[in-house]
Amino acid sequence: MTFSVPMYMGTFLPTSVSPLLTTRFVNVLHWVAELHDRQIREVHNVPYISHLLSVAALTIEKGVILLPGEWLEDAAIVALMHHSIVDAGLPMELFGQIGGTVQDAMRLLCDESAVAKGHNRRYVDRLMAATEPTATVAQLVAAADQLDQLRFYADHGRDLWNPEQHAFYLYFLNHIGMPVSWKTEMTGLLEELQRSGVRPSGPNAGQSSLSATAVPLSLPTGYCPV
């Protein structure tokens, strides 16, 4: 399958006068809405883009404080697109057209050499070992993603929570830098989910974060666990 940047994306150069988020961000938001337009979460027909918007919002709110100003929009774009490889089949090289910081962060978040899906420590170790400046962007997006996932399990999908994920989340919490408020909330959510003692049920329990009714996609070999 061949992918190309939509015509309305232009050159990805900012054109608005907004001090933090420009037309570049808005154009990517439009594109992401198209990429995931028929995908839903496992329960309640929640549009899947709600997760991407939540991760972007979390990233922006903390990124204003924690990131250099010139990286904020790139971080917001990475948050919007962090599932676009595994769930929409976009090739890694396409992100170079969006921006170097975006592509570097996506490379850290998505392991192109792995084919297994699920939570694993290799993903956390890769983020920890990264020395490039954009590692901060990748870690912030990863933390926002895991926080929103735990919120979803607690609010909508307790029957989808797999207690075997507990070890991964503990490892993530203990090794990935994140805002204190996020760590506190994630710890509480994790304890709450473990206390519930609910085991996954149904044919798709504990598997993909997309509903079985989502649009069939032709996926590359890349693996993006966030």
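**Terms and their grounds**

Author: At 59% relative accessibility, Asn45 counts as exposed. The structure is a predicted model, and Asn45 is found in the loop between α1 (23-35) and α2 (49-66).

Reader: Why is Asn45 called exposed?

Author: The term applies over 50% relative accessible area. Asn45 has 59%, and therefore counts as exposed. Its backbone also deserves mention: Asn45 has a positive phi of about 55° although it is not a glycine.

Reader: How many aromatic pairs does a search of the whole structure find?

Author: The search finds five aromatic pairs. One of them is formed by Tyr123 and Phe168, with 6.4 Å centre to centre and 20° between the planes.

Reader: How do you know whether Tyr123 and Phe168 are buried or exposed?

Author: Buried means under 20% relative accessible area. Tyr123 has 1% and therefore counts as buried; Phe168, with 6%, is buried too.

Reader: Why is the pair of Phe168 and Phe172 called tilted?

Author: Its planes make an angle of 40°, with the centres 6.0 Å apart. Stacked requires under 30 degrees and edge-to-face over 60, so an angle between those limits counts as tilted. Phe168 and Phe172 are four residues apart in helix α7, and so are separated by about one helical turn. Phe172 is buried, as is Phe168.

Reader: What makes Arg41 a residue that lies over the face of Phe152?

Author: For Arg, the CZ atom must be within 6 Å of the ring centre and within 35 degrees of the ring normal. Arg41 lies over the face of Phe152, at 3.8 Å from the ring centre.

Reader: How do you know that the buried residues of α5 line one face of the helix?

Author: The buried residues in α5 are Tyr123, Val124 and Leu127. Seen down the axis of α5, they fall within an arc of 95°, and therefore line one face of the helix. The buried residues of α5 pack against α4 (100-109), α6 (135-155) and α7.

Reader: Why is α3 described as largely enclosed by the rest of the structure?

Author: Eleven of its 13 residues are buried, and α3 is therefore largely enclosed. Among the buried residues of α3 are Trp71, Glu73, Asp74 and Met81. The buried residues of α3 pack against α1, α2, α4 and α6.

Reader: Which residues touch the most other members of the largest nonpolar core?

Author: Of the 66 residues in that core, they are Met81, Phe95, Leu109, Leu150 and Phe172. The elements that give two or more residues to this core are α1, α2, α3 (69-81), α4, α5, α6, α7 and α8 (180-196). The largest share, 13 residues, comes from α6.

Reader: Why is Ala142 called buried?

Author: Its relative accessible area is 0%, under the 20% cut-off, so Ala142 is buried. Ala142 is found in helix α6. The C-alpha atoms of Ala142 and Ala79 are separated by 8.4 Å, although the two residues are 63 residues apart along the chain.

Reader: What is the mean pLDDT of the chain, and where does pLDDT stay under 50?

Author: The mean pLDDT is 80, and 75% of the residues reach 70 or more. pLDDT stays under 50 over residues 113-118, for which the model has eleven contacts beyond four places in sequence. It also stays under 50 over residues 199-226, for which the model has 79 such contacts.

Conventions:
Residues are numbered from 1 along each chain as its sequence is written. This is a predicted model: local features need pLDDT of at least 70, side-chain atom pairs count only at pLDDT 80 or more; totals for chains, interfaces and linings use all residues. Side-chain values use heavy atoms; hydrogens and water are left out. Rings of Phe, Tyr and Trp (its six-membered ring) pair if their centres lie within 6.5 Å; planes under 30 degrees apart count as stacked, over 60 as edge-to-face and the rest as tilted. Buried means under 20% relative accessible area, exposed over 50%, partly exposed in between (1.4 Å probe, protein chains only). The arc is that of the directions from the helix axis to the C-beta atoms. Contact means heavy atoms within 4.5 Å. A nonpolar core is a set of buried Ala, Val, Leu, Ile, Met, Phe, Trp, Tyr and Cys residues joined through side-chain atoms within 4.5 Å. pLDDT is the predictor's confidence in each residue, from 0 to 100.
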